[in-house]
Amino acid sequence: MGELGGTGIPAQRFSGPSDLHLHSARSDGTEPPADVMASAHRHGLRTVALTDHDTTAGWAEAAEAAVSLGMTLLPGMEFSAKHEWRSVHMLSYLFDPDDAALRAETDRIRGDRIGRAERIVRNISRDYDLTWDDVLAQTTEDATVGRPHIADALVARGLVRDRGEAFDGILHPREGYYEPHYAPAPHRVVELVTRAGGVVIIAHPTPSGRARMLPEPVIHDLIDAGLAGFEIDHRENTEAGKRILRRIAADRDLIVTGSSDYHGRGKPNLPGENTTTDEMVARIIERATGIAPVYP
Ligand code: AMP
Ligand code: FE
Ligand code: FE
Ligand code: ZN
């Protein structure tokens, strides 16, 4: 290959296997970014992306670790969006992290997530012995705060066995303690990330149950606005949904990815359980105009 990407850097300097969806303790993963890189390398990966929720705080540490392990890093982020009541996660790659409009939006989301987590804890504390300090004890400095940290606090209190049990019980909206957080519309995320030179892929776009897939007309509007593709091989996607998305991707010449959504000990997902083809990684790199990958 060896064509030039949007950044003027040859795209084919990386090698697979590639897993472009990993979380560190800068959001709701359980390991520092350097340890996430080491875990990925141990599982045989050679190209990875760090995609913490709504923050780029882990990029520098991940880049240094990836390079020392001989891996290529695509700096990324999982941008929180919302369509009506649906939470939509948008994997964003290779955008300029200093873009002012993008930073303002992610700062707003992270800030609102803190107040929202406090409200959830206040709700829970009416019925269970849980304090905000318990949650703070489970987060590292400037991490994006989410329900997983409340889950860890519930585990530390002995109220549930693990995050899974917390999400199936106390943290589930049906239990009545849930509070939403601010998130922009998917269109706004596509606009912000694209203007910052990045590439947007909808994460786990077809989960079962309440979250479900975005309506097809909305997906087509997002593609018109610059959406680059879908994360199709992900353990939470339904088979029926994957078939629909593969058809749309073929019709509209989109990028499709596969990834683990590794969260350290926070989820059973393991690095490399799904991977993205070299061809698709190259397309992401070539499409980006924000920043280049970090090569070893
Ligand atoms: P939040 O964005 O604060 O509402 O929390 C959602 C996050 O919780 C997602 O990013 C997932 O990584 C995590 N999550 C959702 N369900 C589970 C589960 N069953 N076990 C562990 N983590 C989960
Ligand atoms: Fe997460
Ligand atoms: Fe997600
Ligand atoms: Zn994720």
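For the residue classes used here, Ala, Val, Leu, Ile, Met, Phe, Trp, Tyr, Cys and Pro count as nonpolar, Asp, Glu, Lys and Arg as charged, and the others, Gly among them, as polar. On that scheme, the shell around ligand 1 divides into two nonpolar, six polar and six charged residues.

A word on the ground rules. This is a predicted model, where local features need pLDDT of at least 70, side-chain atom pairs count only at pLDDT 80 or more, and totals for chains, interfaces and linings use all residues. Residues are numbered from 1 along each chain as its sequence is written, chains are lettered from A and ligands numbered from 1 in the order in which they are written, and side-chain values use heavy atoms, with hydrogens and water left out.

**Ligand 1 and its shell**

Back to ligand 1: 14 residues surround it, and the closest are His 53, Arg 113, Arg 116, Arg 147 and His 263. To be near a molecule, a residue needs one of its heavy atoms within 4 Å of it. Some polar contacts (pairs of N or O atoms within 3.5 Å; within protein, one must be able to donate a hydrogen and the other to accept it, and residues adjacent in sequence count only if both atoms are side-chain atoms) are set out here.

| Residue | Atom of the residue | Distance to an oxygen atom of ligand 1 |
|---|---|---|
| Arg 116 | polar side-chain atom | 2.8 Å |
| Arg 147 | polar backbone atom | 2.8 Å |
| Lys 267 | polar side-chain atom | 3.2 Å |

Taken alone, ligand 1 exposes 500 Å², and the protein buries 81% of that. Those areas come from the Shrake-Rupley method with a 1.4 Å probe; for residues, only the protein chains shown count as cover.

Which elements give two or more residues to the shell around ligand 1? They are α3 (100-125), α5 (147-156) and α6 (163-168). Of the elements, α6 gives the most, with three residues. Helices (H or I, at least four residues) and strands (E, at least two) are DSSP runs, numbered from the N terminus.

**The zinc ion**

Now for the metals. The zinc ion (ligand 4) is held by His 21 (NE2), His 23 (NE2), Glu 78 (OE) and Asp 261 (OD), at 2.1 to 2.2 Å. Donors here are N, O and S atoms within 2.8 Å of the metal (3.2 Å for Na, K and Ca); water is not among the atoms, so sites may look incomplete.

The angles among the four donor atoms of the zinc ion (ligand 4) run from 77 to 166°, and the site is irregular. The cut-offs work like this: four donors count as tetrahedral if all angles lie between 85 and 135 degrees; four count as square planar and six as octahedral if opposite donors are over 155 degrees apart and all others between 65 and 115; anything else is irregular.

Along the chain, the zinc donors follow the spacing H-x1-H-x54-E-x182-D. His 21 sits in strand β1 (residues 18-22) and Asp 261 in the loop between β7 (255-258) and α10 (278-287), so this pair ties together parts that are 240 residues apart in sequence. His 21 is buried, at 0% relative accessible area, and Asp 261 is buried too, at 1%. Buried means under 20% relative accessible area, exposed over 50%, and partly exposed in between (1.4 Å probe, protein chains only).

**The iron ions**

The zinc ion (ligand 4) and the iron ion (ligand 2) are 4.4 Å apart. That iron ion (ligand 2) is in turn 5.1 Å from the iron ion (ligand 3). What coordinates the iron ion (ligand 2)? Asp 28 (OD), His 53 (NE2) and His 263 (NE2) do, at 2.1 to 2.2 Å.

The donors of the iron ion (ligand 2) are spaced D-x24-H-x209-H along the chain. Asp 28 lies in the loop between β1 and α1 (33-42) and His 263 in the loop between β7 and α10, so the pair joins parts that are 235 residues apart in sequence. Asp 28 is buried at 9% relative accessible area, and His 263 is buried at 2%.

The peptide bond from Gly 16 to Pro 17 is cis, with omega near -5°, and Pro 17 lies in the segment before β1.

Asp 54 has a positive phi, near 60°, in a residue other than glycine. Asp 54 is found in the loop between β2 (47-50) and α2 (59-68) and is buried, with a relative accessible area of 0%.

Asp 253 has a positive phi as well, near 55°. Its place is in the loop between α9 (239-252) and β7. Is Asp 253 buried or exposed? At 55% relative accessibility, Asp 253 counts as exposed.
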